[in-house]
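Take a look at it first, and then we can walk through the contacts together.

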2 protein chains.
Amino acid sequence: MNSTPQGAPARLLVIGADAAGMSAAHQALRTARTLGVELEVVALEASAHTSYSACGIPYVASGEVGEVTRLVARTAEQHRAAGIDLRTGVRVTRLDLASHTVETESLDGTRGTLAFDHVMVATGAAPVTPAWALHDGHLLDGVRHAKTLDDAAAWAAALEPGQRAVVAGGGYIGVEMAEAALRRGLQVTMLTRSRVLSSFSAETTARVAAALRAAGVDLREHSEVRGLAHEDGRVTGVVLDDATVAADHVVLAIGVVPATGFIDDETLLHGRRRALHPDAFGRIDAADQSGIAWSAGDCCEVIAESGHRTFAPLGTHANKAGRQAGENIVRSIAGLEPVARFPGALGTSITRFAHGDVHVEIARTGILDAQLSDAAADLAWDAVFLTTEGTTATGYMPEARPIAVRVGADRTTRRLLSVEIVGGQGAGKRIDTAAAVLHFGGTVDDLAWMDLAYAPPVATAWEIVQIAARRLAERL
Amino acid sequence: MNSTPQGAPARLLVIGADAAGMSAAHQALRTARTLGVELEVVALEASAHTSYSACGIPYVASGEVGEVTRLVARTAEQHRAAGIDLRTGVRVTRLDLASHTVETESLDGTRGTLAFDHVMVATGAAPVTPAWALHDGHLLDGVRHAKTLDDAAAWAAALEPGQRAVVAGGGYIGVEMAEAALRRGLQVTMLTRSRVLSSFSAETTARVAAALRAAGVDLREHSEVRGLAHEDGRVTGVVLDDATVAADHVVLAIGVVPATGFIDDETLLHGRRRALHPDAFGRIDAADQSGIAWSAGDCCEVIAESGHRTFAPLGTHANKAGRQAGENIVRSIAGLEPVARFPGALGTSITRFAHGDVHVEIARTGILDAQLSDAAADLAWDAVFLTTEGTTATGYMPEARPIAVRVGADRTTRRLLSVEIVGGQGAGKRIDTAAAVLHFGGTVDDLAWMDLAYAPPVATAWEIVQIAARRLAERL
């Protein structure tokens with residue numbers, strides 16, 4: 001497999017120096033040391049930044065995080081000091097697996113080619129720019145995504161009290177950017193094509209919508225944007241079918257797509273998203289078992305524990321799958337079988353929306369109502385859902401906050417299918433308990449009856465997640 | 001089995017009207033309705049109070065909960081309205097299973113007997129009163145437990161700013177009462193015979209000790225109390241080997257023992273605690289399978305999921321095992337097989353200590369170092385422990401608080417054995433995720449790699465519990 005001359009170290013080329021790529025790079029070096037494999041790791045990063053927390057951008061925008069550099073978990077220098085030949089400002093324009101090369105373009109326009117023995121594709125995802133947002137092919141002043149560190153710095157500098165922000169998109173980033181704008185004293189309108197957080201059930205979404213509105217967000221669900229009003233190259237409003245919403249700023253938070261434009265090998269790309277499909281070990285060329293090409297992170301559709309492919313662009317998966325790929329790349333060089341450590345996605349995610357007196361934590365895991373129509377056909381689930389309201393702490397404690405827990409289970413097998421949580425401080429991370437039950441394929445009875453922790457400031461004697469599971473169990 | 005005349009309803013006698021007893025009573029009525037069983041439920045309660053949260057007493061003492069009645073989840077009237085023949089102020093002085101009767105004594109000294117078809121023993125636990133605390137067989141003024149609603153009201157009324165409180169005992173109640181006294185403005189000394197929270201590892205305990213001291217508690221571990229100083233019938237100090245600690249109040253929080261003094265059938269009582277040993281269904285007369293006698297709650301040693309018996313006097317078990325017993329009692333009347341819903345204890349528990357700038361949540365699950373010497377002999381575990389420090393939220397977020405996670409696993413099977421957590425707000429309930437892994441007999445790899453929730457205000461991208469598990473996994 002190793003195409004380098006005898007004795008020369010194998011070269012691992014990592015494309016993209018963020019969560020998945022750098023997790024893979026560092027793990028590859030660790031595994032190489034452990035196994036005594038000679039390895040050279042070259043990493044190419046199109047931007048000037050490495051290993052930054054995209055999830056932290058709203059908190060830079062809000063002013064809670066004062067310095068955008070605080071989002072950088074590891075700088076380019078730190079990566080280099082650890083032995084990675086990191087080259088920033090270098091974009092890969094084409095991947096050629098057959099010749100084991102990539103074509104590159106630097107910021108100054110210099111083109112080149114680079115050879116590799118193994119390649120780790122970790123280019124992540126690119127934010128969607130809807131046609132209505134473009135003016136002569138460019139974004140107007142005041143219109144921006146919230147995806148890069150430059151975006152973070154720009155939003156931090158731009159948001160001024162009394163201005164009007166329109167957030168286009170009601171996913172996690174949209175909700176978090178709405179919070180940021182509120183905290184900066186702006187008037188905030190949120191536009192969503194369907195519901196806010198539409199991957200959740202309508203019932204859960206309604207609770208989130210109520211929280212957004214209670215905090216002052218002018219939430220307009222089922223809104224279709226037709227274009228932007230502008231003056232002197234700067235946005236002044238967002239045009240809907242029946243109104244124009246005045247806007248000093250427009251946050252584009254429509255979603256992301258895999259950044260795979262540099263790949264022209266159609267056998268590697270899947271579905272309408274043109275996503276990579278790494279196998280359980282991280283290989284994207286699993287068909288020929290060559291172990292040359294690997295991938296992880298937001299450029300991929302990940303394998304869910306249920307066996308389905310899902311597009312879940314989250315740092316958690318990127319870190320885990322990236323780390324695993326790094327180990328397996330070196331194991332393949334050493335002629336060892338790959339290991340499957342990351343068992344796959346469960347659909348677990350969380351966010352928080354907090355402004356003034358409003359604080360809600362919103363979390364989910366498993367296959368929710370919205371996705372069930374697809375999944376159920378394959379898996380023959382007879383899904384039943386029930387929402388239960390309770391408190392995060394014992395009712396007599398000042399810490400008690402409302403929480404609603406929606407549990408889904410299969411009527412026949414009693415298997416837990418999903419949990420959604422909306423509630424006050426301390427509510428959200430309870431989702432991990434449900435995720436653990438899903439990981440083991442447990443039932444709603446497992447969740448209801450196992451021995452969880454109780455003390456008045458942090459729970460009820462029957463933990464609310466367990467009450468919710470028990471109530472559903474009694475109805476199956 | 002049913003000894004009542006043909007057509008008369010079976011009489012279930014519940015002894016003790018708190019968590020286990022009333023959970024059983026109400027579930028028995030529900031199951032009776034479902035199965036069409038004629039059932040009379042009589043409940044005897046020695047005190048005037050029913051279904052109160054003993055765990056809430058420190059928060060009444062601290063003044064956070066203004067009314068002691070707020071600790072009552074269900075009043076006697078509410079139980080009666082639900083169809084339970086509840087008689088308060090009636091103590092059971094003897095249980096006679098052979099004749100299906102109990103002997104009783106009322107507050108006014110009236111004695112009587114009461115017949116039953118089935119009996120649910122739910123008398124809970126009694127607080128330990130050490131010999132040094134007794135003065136002529138009585139407690140001095142200023143010396144009290146923290147076990148009953150009367151205790152709660154008395155502490156709430158007694159604690160005055162500037163006074164000196166000595167807490168004897170370093171378990172959960174001791175820690176929580178120390179917090180209460182601090183919050184009321186008292187100077188607090190805590191005396192423990194071994195370490196504070198001695199069921200935790202020494203390393204975890206040291207973190208708790210540091211937090212107590214940072215909040216102003218004069219913690220004296222490994223202190224043996226020799227007696228009390230007093231004046232005019234009121235305590236003035238606690239006498240140690242080498243000093244006398246001045247005290248206006250002494251909180252007795254030494255522990256509890258099963259309240260089984262009214263049982264003289266030695267075949268029902270087990271171990272030095274004279275605890276009841278209900279089987280997986282709740283029966284304490286399992287030997288003859290008669291289904292006459294049942295029990296749950298703090299008068300029992302519960303079956304751990306590991307198969308061992310353990311004394312874990314906690315409301316969570318009492319509620320779950322009580323509810324299950326109530327169902328099984330009626331199923332046995334109906335001639336149905338009993339169901340095992342409560343899978344047993346995992347050793348999960350939690351508390352919080354918070355005063356001023358100090359806020360620590362302390363939680364555990366599984367078999368910790370301290371218990372391992374007993375358990376390991378049977379189970380042949382080669383246990384390895386490792387503590388990992390991190391944060392509850394991403395480091396750049398204002399919500400980030402320190403957290404330390406100690407994970408134990410078996411070297412050979414990689415099976416997760418235990419987790420301990422000490423950390424700031426949001427740290428503690430993470431223990432439930434580990435408890436779920438224990439419930440399914442999962443490995444440290446399961447805990448490390450499964451798909452848990454991440455967002456900057458509530459977690460790190462690699463959740464700290466997973467980092468802790470992964471670090472240990474890499475060392476096995």
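α9(A) passes α9(B) in a right-handed crossing. On the α9(A) side, the contact is made by A:Asp432, A:Thr433 and A:Ala436, and on the α9(B) side by B:Asp432, B:Thr433 and B:Ala436. Sorted by class, this contact of α9(A) with α9(B) has two nonpolar, two polar and two charged residues.

Please keep in mind that this is a predicted model. In it, helix α9 of chain A and helix α9 of chain B each span residues 431–439. Their axes lie 8 Å apart, and the helices pack at an angle of about 15 degrees. That angle makes α9(A) roughly parallel to α9(B), because angles under 35 degrees count as roughly parallel.

## The interface as a whole

Let us step back to the two chains. In the contact between them, 63 residues of chain B touch 63 residues of chain A. Together, chain B and chain A bury about 5500 Å², and 63% of this is on carbon and sulfur atoms. Which three residues supply more than any others of the area that chain B buries against chain A? They are B:Tyr396, B:Trp449 and B:Asp451, with 16% of that area.

## Salt bridges, between and within chains

Side chains of opposite charge can pair when their charged atoms come close. A pair to look up is A:Glu399 and B:Arg352, whose side chains meet in a salt bridge at 2.6 Å, N to O.

Within chain A, A:Arg183 forms a salt bridge with A:Glu179, and their closest N and O atoms are 3.6 Å apart. Both belong to helix α5 (residues 172–183) of chain A; as they are four residues apart there, about one helical turn separates A:Arg183 from A:Glu179.

## α1 against α7 in chain A

In chain A, helix α1 (residues 19–35) packs with helix α7 (residues 315–333) at an angle of about 35 degrees, the axes being 7 Å apart. The crossing of α1(A) and α7(A) is right-handed. Residues of α1(A) in the contact include A:Ala20, A:Ala24, A:Ala28 and A:Leu35, while those of α7(A) include A:Gly322, A:Gly326 and A:Val330. By class, the residues of this contact of α1(A) with α7(A) divide into eight nonpolar, six polar and four charged.

## α1 against α7 in chain B

Now for chain B. The axes of helix α1 (residues 19–35) and helix α7 (residues 315–333) of chain B come within 7 Å and cross at roughly 35 degrees. α1(B) and α7(B) make a right-handed crossing. Among the residues that meet here are B:Ser23, B:Gln27 and B:Arg30 in α1(B), and B:Asn319, B:Arg323 and B:Glu327 in α7(B). The contact of α1(B) with α7(B) has eight nonpolar, six polar and four charged residues.

Notes:
Residues numbered from 1 in each chain as written. Chains lettered and ligands numbered in written order. Predicted model: local features only at pLDDT ≥ 70, side-chain atom pairs only at ≥ 80, totals over all residues. Heavy atoms only, no water. Axes fitted to C-alpha atoms, helices over the stretch in contact; angles between N-to-C directions. Helix = DSSP H or I, 4+ residues; strand = E, 2+ residues; numbered from the N terminus. Parallel < 35°, antiparallel > 145°, perpendicular 65-115°, else oblique. Left-handed = near helix turned anticlockwise from the far one by under 90°. Contact = heavy atoms within 4.5 Å. Nonpolar A, V, L, I, M, F, W, Y, C, P; charged D, E, K, R; others polar. Buried area = accessible area lost by both parts, 1.4 Å probe. Salt bridge = Lys/Arg side-chain N within 4 Å of Asp/Glu carboxyl O.
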